[in-house]
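Thanks for coming, everyone. Let me put the structure up, and then we'll walk through it.

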Amino acid sequence: MIKKLFAIIEKDVRQLVHSKSSALIILISPIVLMILAGLALSSSGLSGVKIGVYAENTLAKADAGTILPVLDAKMAEKGFSVQYFSALDACRQAVKDETTHICVEVAEKEDKNLANIDSRLMYKVNFYVDYSKVRLVWAIVNAIRTIVAEENTKISTEITTKLSGKIDFAVNEITKNQGKLDEIIRKGEGIRNTFSTGIRTLNEIESYITEAMTISGSVIETSDSITTNLDSLLSYSSDAKRRLSDLSRLNPALASSISAIQGNLDSIDSFANNIAIVNNGLEEKARRLDSRLDEISMNQNNVASALRNAEPLLDDLLDSLREVKSGIDKLEREFAWAHNIKATDIMNPIPVEVLPLSGEVTEIGSVSSALTYLDYLLPALVILVIMFVATLISSTMVIKERKSVAYFRNLIAPTNSALYVVGVYLIGLILVGMQATLLVMVASFFFGVVISSYLSIALVLLLTISIFVLLGVIIGYLFNSEETTMMGAISLALVCLLFSALIIPLETMPGIMRAVAQFSPFVIAETALRKIMIFGIPIINRGAGTIMMEPVKLAVIAAVLFAGALVLQHFKNKKEI
Amino acid sequence: METLIEIKNVTKTFENKKVLNDISFTINKGEIFGIIGQSGAGKTVFLKALIGFYKPDSGDILFEGKSVFKHQKDILKTIGFASQRHSIYPDLSLKENLKYFGRLYGMKSKDIKESTKKVLELVELTDYTHKLAGKLSGGMQRRLDIACALVHSPKILILDEPEAGLDPVLRKHIAELIQKIRNEGTTIILSSHFMNEIEPLCDRVAMLKQGTLAAYGSPIELLAKYADNYEIVIRSYPGNYANIVAWLKKSGLAIIDSRVESNRLLIYVPQKASPDAYVEYVVKSLKPIKETLMGIQLNQLSLDILFERIAVK
């Protein structure tokens with residue numbers, strides 16, 4: 001059995017060796033492929049790209065203060081070939097004619113006032129792109145966007161720095177004037193207190209006035225009473241004098257006494273008259289006092305009323321002042337928040353930096369312990385090569401064998417037909433394994449790709465090659481001509497490629513397609529190889545007690561495909577005999 | 001002779017069409033046995049049934065008393081098969097082809113080496129041992145194909161239309177080779193749809209007609225049984241053969257059939273008359289119609305014609 005199997009393998013190898021071009025392509029193709037991939041990835045890829053530029057305002061180009069001279073310099077720095085157009089249509093037509101790859105329009109904004117802030121704010125940049133070249137467009141747009149973004153950031157930083165300076169100035173001015181406002185409020189409150197005191201004093205004065213007026217009223221009343229009493233006294237005195245006269249006439253003896261009495265009465269009258277005069281003066285003064293008190297009372301009332309009226313106004317004024325103060329305090333606090341913030345913090349509040357998970361990305365070809373882009377791409381590249389080569393080689397081998405004139409002799413030989421499937425599988429494994437090894441070796445020795453965990457890589461590659469070789473075997477047995485087999489193999493590889501993350505990110509695919517893609521051997525193998533090659537994750541982690549599931553899935557798929565290939569071969573052989 | 005293969009009432013149906021219908025005959029050890037039939041007569045199906053790849057609906061095929069369908073693997077070891085397409089790998093040398101097929105038959109390296117030498121000598125390709133098979137001429141490839149079928153020293157060699165597509169010289173070489181192989185003691189079964197090609201080779205033939213066995217036996221037996229005519233081949237100038245046939249019929253010659261082939265007139269007459277009398281009569285008859293006789297030949301009816309009459313018509 002083993003001898004027969006070796007004979008089948010030897011036969012295929014010898015056929016291959018005798019066909020020198022086939023042998024050569026198997027050995028040379030991975031080396032050439034790897035060298036091409038390595039060289040391709042070592043280039044930035046966009047030098048030599050032609051950029052058409054149209055500036056609406058020709059001054060925009062000449063004016064050193066505008067964005068265009070800066071863009072021009074940076075595009076030249078990136079190695080872009082810049083071509084200026086005098087009309088937008090010509091610029092856009094050049095993209096259609098493929099004389100340029102993109103048209104960049106530097107147009108003026110409608111708001112001319114922006115020029116007062118910064119002359120560079122007057123312009124906006126529009127891209128005109130040919131979306132049929134999606135990847136190129138995005139690469140160029142990203143590159144130019146980066147250039148524009150750099151200038152945008154620069155302008156924004158400058159303006160933000162200015163703005164920040166103005167805020168600092170405002171904060172200082174507010175801080176400075178806050179004390180003055182405090183003093184005004186304090187004085188206002190003093191005035192308010194004085195007002196209150198004045199009103200209180202006026203109220204006291206009013207009571208005093210009232211009291212004085214009462215007293216003056218009493219004085220007048222008393223004076224009136226004195227006047228009345230004096231009048232009565234004089235009347236009594238006059239009456240007494242008359243009576244004394246009568247008495248004297250009647251009794252002249254008494255005349256001297258009566259005369260003395262009459263003289264006394266005259267003195268009393270005179271005294272009463274003097275008192276009356278004094279009393280009248282007192283009354284007049286009391287009345288004048290009363291009158292003045294009325295005036296004082298009236299004025300006091302006026303003043304009190306004025307003060308009372310002024311009091312709420314003063315309160316309002318104070319309230320307003322306090323509100324202003326509170327507002328300024330808030331402003332100060334708010335500005336204090338903005339105070340000392342750096343322009344860069346405002347421009348780029350959340351700094352984003354894309355960092356590799358393993359090592360530092362460097363240029364291709366630089367021999368360094370850090371990982372290169374090729375390191376990151378190598379897993380996908382290796383699986384891609386395996387997928388295409390394995391499916392094509394095995395399907396071609398099967399269909400060639402089936403269509404071979406010698407096939408019939410194989411069928412009638414007393415050999416288990418499964419051996420032929422095993423033979424094709426093993427020869428595919430050897431050839432594609434050789435290619436994959438060459439690919440990895442070239443990547444490692446010529447481009448400095450870091451390779452470790454050889455055993456794990458070998459295991460994943462073995463399973464991956466097995467799957468794609470067996471898929472090729474199945475295709476080889478499914479189709480009945482070399483042309484359709486080739487198409488089938490290429491179609492299958494293309495489907496796998498489409499359902500991988502190489503062309504479209506899996507995450508952006510619709511749900512069902514994403515679910516299907518999860519079962520794609522390409523995706524599984526690439527994931528496993530990436531984990532091992534880039535992140536150094538072991539297949540079996542004894543420490544953590546975990547096992548990588550991808551190789552298990554690959555093994556299951558390979559087993560299913562092997563069984564499928566055997567069943568299919570059995571039925572096809574039966575049909576072909 | 002000892003019976004090697006016994007075909008017993010073999011019937012095989014494909015898509016409701018009987019491609020083999022109750023076929024029964026035997027093949028003896030050491031003989032060259034021909035299977036003849038038109039395209040679609042069932043030859044290839046029969047040969048594939050013979051090696052056990054088509055199991056019949058009924059009947060059996062016994063190799064030395066063992067059913068090929070029950071002991072296929074063992075019986076296949078004793079059979080060599082050369083199909084009408086050269087079952088060889090053009091990108092392998094002659095030696096590599098023989099080595100590969102020898103291995104498939106489970107031979108040891110030493111045996112393969114000896115057998116390779118022997119069969120290459122047999123097919124006269126020793127000088128080309130290391131040459132790629134694809135670089136050989138058509139005749140050489142046919143011989144290599146036969147060598148590949150013989151490398152494991154089979155008891156039985158099956159040749160499916162071995163002379164198809166070969167020029168007369170190569171056919172002769174192949175015929176000689178077949179004889180040589182038979183002389184080595186190998187039983188040979190060969191198929192063809194040209195009776196004249198296998199007639200000189202075969203000890204016995206089986207004629208298939210639409211899946212049925214139309215005739216079976218040695219050429220002599222068949223001719224004795226079925227052939228009762230002579231064939232007169234005439235070449236004359238100017239060669240107005242239709243006129244000749246009409247004149248001969250008018251002259252009273254009992255012509256069964258006639259045809260023109262390769263600028264020659266073939267006339268079939270009953271075997272009962274004396275052959276010389278026929279020749280004399282024809283020679284005399286040509287003069288009045290101004291035909292100059294260039295050549296005349298009298299043949300007893302070949303199996304080819306017999307085949308045409310039995311298996312074709």
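A definition before we start: two strands count as paired if DSSP finds at least two bridges between them. Keep in mind that this is a predicted model.

Start with chain B and its strands. Strand E1 covers residues 3–14 of chain B, and strand E2 covers residues 17–28. How many bridges join E1(B) to E2(B)? Eight, and the two strands run antiparallel. To find your place, look at Thr3(B), which stands opposite Asn28(B) in E2(B). Now go to the turn. This hairpin has two residues between its strands. Glu15(B) takes a positive phi there, near 45°.

E1(B) has another partner. That is strand E4, residues 58–63 of chain B. Five bridges join E1(B) to E4(B), and again the strands run antiparallel. Which residue is the bridge partner of Ile5(B) in E4(B)? Phe63(B).

Next, two helices of chain B. Helix H3 spans residues 94–104, and helix H5 spans residues 138–150. They pack at an angle of about 30°, with their axes 9 Å apart. That makes H3(B) roughly parallel to H5(B), because angles under 35 degrees count as roughly parallel. The crossing is right-handed.

Who meets whom? From H3(B) come Leu94(B), Asn97(B), Leu98(B) and Phe101(B). From H5(B) come Leu144(B), Ala147(B) and Cys148(B).

Over to chain A. Chain A has 17 helices and six strands. Of its 577 residues, 29% are buried. Now its contacts, counting those between residues at least 6 apart in sequence. Of these, 79% join residues at least 24 apart.

Last stop: where the chains touch. The contact takes 19 residues from chain A and 23 residues from chain B. On the chain A side, helix H1 (2–18) and helix H11 (407–412) each supply at least two residues. Which helix gives the largest share of that side? H1(A), with seven residues. By class, the chain A side has eight nonpolar, six polar and five charged residues.

Definitions and conventions. Residues are numbered from 1 along each chain as its sequence is written. Chains are lettered from A and ligands numbered from 1 in the order in which they are written. This is a predicted model: local features need pLDDT of at least 70, side-chain atom pairs count only at pLDDT 80 or more; totals for chains, interfaces and linings use all residues. Axes are lines fitted to C-alpha atoms, for helices over the stretch in contact, and angles run from 0 to 180 degrees between N-to-C directions. Helices (H or I, at least four residues) and strands (E, at least two) are DSSP runs, numbered from the N terminus. Angles under 35 degrees count as roughly parallel, over 145 as roughly antiparallel, 65 to 115 as roughly perpendicular and the rest as oblique. A crossing is left-handed if the near helix is turned anticlockwise from the far one by less than a right angle, and right-handed if clockwise. Two residues are in contact if their C-beta atoms, placed from the backbone, lie within 7 Å. Ala, Val, Leu, Ile, Met, Phe, Trp, Tyr, Cys and Pro count as nonpolar, Asp, Glu, Lys and Arg as charged, and the others, Gly among them, as polar. A residue is buried if 20 or more other C-beta atoms lie within 10 Å of its own, exposed if 12 or fewer, and partly exposed in between; C-beta atoms are placed from the backbone.
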